[in-house]
Each structure stands twice: as C-alpha cells, then as structure tokens.
Amino acid sequence: MSKFDPYQHLSIRPNPDGTITRLINFPSTEANPDIIPGIPTVSKDVTVNEETKVWARIFRPNKLPSNDNTVVRLPIVFYFHGGGFTLFSVSNITTHQPCSTIASETPAIVVAVEHRLAPEHRLPTQYEDAIDTILWVKKQVLDPQGERWLRDYGDFTRCYLGGRGSGGNIAFHAAIKAADRYIKPLNTNGIFLNQPMFGGKERLPSELKYATDQLIPLPVLDLLWELALPKATDRDHRYCNPMQDAVYKSKVSSLGRCLVISFDMDPMFDRVQAVVQMLVAEKVQVDARFDIVGFHNIDIVDTQRAQAILNIIKEFII
C-alpha cells in the first residue's frame, strides 16, 4: 500500500497549522423537541460547557413507562460517537438513529456527547469533555431548576457509558477517570464498548490479516492515532494501548460491569480480545460478544445486525 493516501481515504486534508479540513458533510438531522408522528423519541440539544462549546443531544422516549400512574425513572446512558476521534457528530444520522432506538426500546434517557475533535483537540480532550458532561448531568439532577428530562425522568443511580469505535475508547477511559471524581448521586452501573478502538506499536495477527481492510486499513488506523494521540507519544500510550501502563491498568477494576462487542473481520479484533483478557484479569465482570462473521462498523450498513447489537446493549442495560 505504498501509494495509498490515508488522508484521501478519510476525505480530509492536512493544513500547515496542524489542523485538518474535513471535505465531506455527512448526513445529519436536527433535534426534535416536540413529538413527531412516526418517531418514537423526542430530542433536544443542550450546552454542556459554554467555554469549550461542548454540547449534547438528549433523547427521551415519547411513551414513558409508569407504575400505578407514577412515571418510572429511566437509566441514563452517556453515548459517545465513533469517527476515530477526528470525524462525525451526534447530529449525524448514523449516531442520532441508534441513540433514538436505545432511548425508545430500552427505554432510557440518552445523552449523546458532542465532544471536540482531533487533531485540533488531541486526547485526553475527548475524555475531559465526557467528564464535563457527566458533571453537567450531576448538576441538573441536583438543581430544582435543572434540565427537566434528566431531573424528572432520569434514574441517576443507573448510569451507563458506551459508544462505537473511538466512542467505545472514550467510554472506557472516561469511566476510569469518573471513578476518581465525586459524581454522586450519579452511579455508573456499567459500560458498553461496541467495536472499540484500541491499538499498539506491535502488529497483531488481525491487523496484519486485514491490513488492506476496505474501511479502516492499517495506514488509516495509524493516521487516526497520529492525529489523536498527544504529540511526542506513540501507539503504546495508555490512551491507545492501556495494557502497556501498569499503573493505569490497576485502575481498570473500578469499571464494574462491561459489555464488549467485536467482529472477527475487524482489524482491531485481536486488540479487543486483549482488552477483554485484561478486564477479566482485573476481576471486571465482562460480557464479551464476539461474532466470527462481521466487520468493523457492520451495524452502519446492515440493519439486521444493527438491531441485534442494540438488543444486546438493551439487555445489558436492563
């Protein structure tokens, strides 16, 4: 792949100042704060941090479950979108739709985080944006004038963090960081990692086997890490390869329950397996769902597989 251009593959152009120009506007949709026939949820955009411009899209099911005419409080799901830390938004249909489905079918209150993007904002910025959002939700549930959907309908004792691809990576690291912060009365019940993005300097068999993968060939994965990791670091940094940092690895036990989903034809499959082995070794309760048929982001193009993954996540949350 000596002539392969990963920038062209990602439809981005590097700029002299270290930023990138994103050349494609992906299909997006506006939030719908009012009920629309045929759409099972309502959603609204809220500002999390005015200084950093971080915001979130909150989803709430139209039909709120009740018990003896009392509305049943719903789990709160913090969702982080994929895109290799550099692309996409919670307003993109590929994120909006699964968040809406999680909210309606679980049911749950979903808080989809619009974190800042690399390389303009390198890691750990995305983890910090996640923590900011968690603390913002904490403020809402404690404030009598806080965001009503969270304050009146959310069960802050049942919080979950999750996401696809780089979003799975963010959920993993944010959950570890949240364990060091006082987030009560919020309580993290578990995390779900859908085809999470991890890496390392040493090439693992699945990376070599699928080095020319159509979606994320090795040069693209390498570039994404180059754009996202702190400068002067490499792919064995704990943000990319948590197995390489003994001190950081010792904090993994704080994660509690963890759902991990991956597919055999994903170049990162062996990385995900290594992460699961680390979690098990640290006494984390892991539900690993590995499928021998499938590729990275299969749930974006295969609606049946997307529904199957959402059903697994729903079962984990319930």
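# A tour of the central sheet and its surroundings

Begin with strands S7 and S8, which run parallel and are joined by 5 bridges. Two strands count as paired if DSSP finds at least two bridges between them. Helices (H or I, at least four residues) and strands (E, at least two) are DSSP runs, numbered from the N terminus. The model is predicted, and local features therefore require pLDDT of at least 70 and side-chain atom pairs pLDDT 80 or more, while totals for chains, interfaces and linings use all residues. Residues are numbered from 1 along each chain as its sequence is written, and side-chain values use heavy atoms, with hydrogens and water left out.

Select Phe-78 and Val-111: Phe-78 stands opposite Val-111, which belongs to S8. Is S7 mostly covered or mostly open? S7 is mostly covered, for 7 of its 7 residues are buried. Buried means under 20% relative accessible area, exposed means over 50%, and partly exposed lies in between (1.4 Å probe, protein chains only).

Together, S7, H2 and S8 make a right-handed β-α-β unit. A crossover is right-handed if, with the strands pointing away from the viewer, the path from the first strand over the helix to the second runs clockwise.

The length of H2 can be checked in the viewer.

Colour the buried residues of H2, among them Thr-95, His-96, Cys-99 and Ile-102. The buried residues of H2 pack against S3, S4 (54-61), S7, S8 (109-114) and H11. Contact means heavy atoms within 4.5 Å.

**Second stop: the whole sheet**

Display the open sheet of 8 strands, whose order is S3-S4-S8-S7-S9-S10-S11-S12 and whose pairing is mixed. Strand S3 (41-49) and strand S12 (285-291) stand at the edges with a single partner strand each, so one side of each has no neighbour in the sheet. On average, neighbouring strands of this sheet are turned by 20° against each other, direction ignored. Strands of a sheet pair through backbone hydrogen bonds, either parallel or antiparallel.

Next, follow the parallel pairings from S7 onward. S7 (residues 74-80) and S9 (residues 154-164) pair in the parallel sense over 7 bridges, and Leu-74 stands opposite Gly-154 in S9.

Two helices that pack on the sheet can be selected here. Helix H9 (residues 269-281) touches strand S11 (257-263) and S12, and its direction makes about 160° with that of S12. Helix H11 (residues 303-317) touches S7, S9, S10 (188-194), S11 and S12, and its direction makes about 165° with that of S11. Axes are lines fitted to C-alpha atoms, for helices over the stretch in contact, and angles run from 0 to 180 degrees between N-to-C directions.

Continue to S9 and S10, which run parallel and are joined by 6 bridges. Leu-161 has Ile-191 in S10 as its bridge partner. S9, helix H5 (residues 166-178) and S10 make a right-handed β-α-β unit. Then select S10 and S11, a parallel pair with 4 bridges; Leu-193 stands opposite Val-260 in S11.

**Third stop: the nonpolar cores**

A nonpolar core is a set of buried Ala, Val, Leu, Ile, Met, Phe, Trp, Tyr and Cys residues joined through side-chain atoms within 4.5 Å. The largest one has 70 residues, and those touching the most other members include Phe-78, Val-137, Leu-150 and Leu-161. Helix H7 (residues 218-228) supplies the largest share of this core, 8 residues. Centre the view on Val-137, which touches Ile-76, Phe-78, Val-111, Leu-150 and Leu-186, not counting residues up to four places away in sequence. Apart from this core lies another, of 22 residues, including Ala-108, Ile-298, Leu-310 and Phe-316.

**Last stop: two loop residues**

Select Ala-118, found in the loop between S8 and helix H3 (125-142). Ala-118 is buried, with a relative accessible area of 0%. Ala-118 and Phe-85 are 33 residues apart in sequence, and their C-alpha atoms are 5.7 Å apart in space.

Finally, select Leu-229, in the loop between H7 and helix H8 (246-249). Leu-229 is buried, with a relative accessible area of 3%. How far from the C-alpha atom of Arg-122 is that of Leu-229? The two atoms are separated by 6.0 Å, although the residues are 107 apart along the chain.
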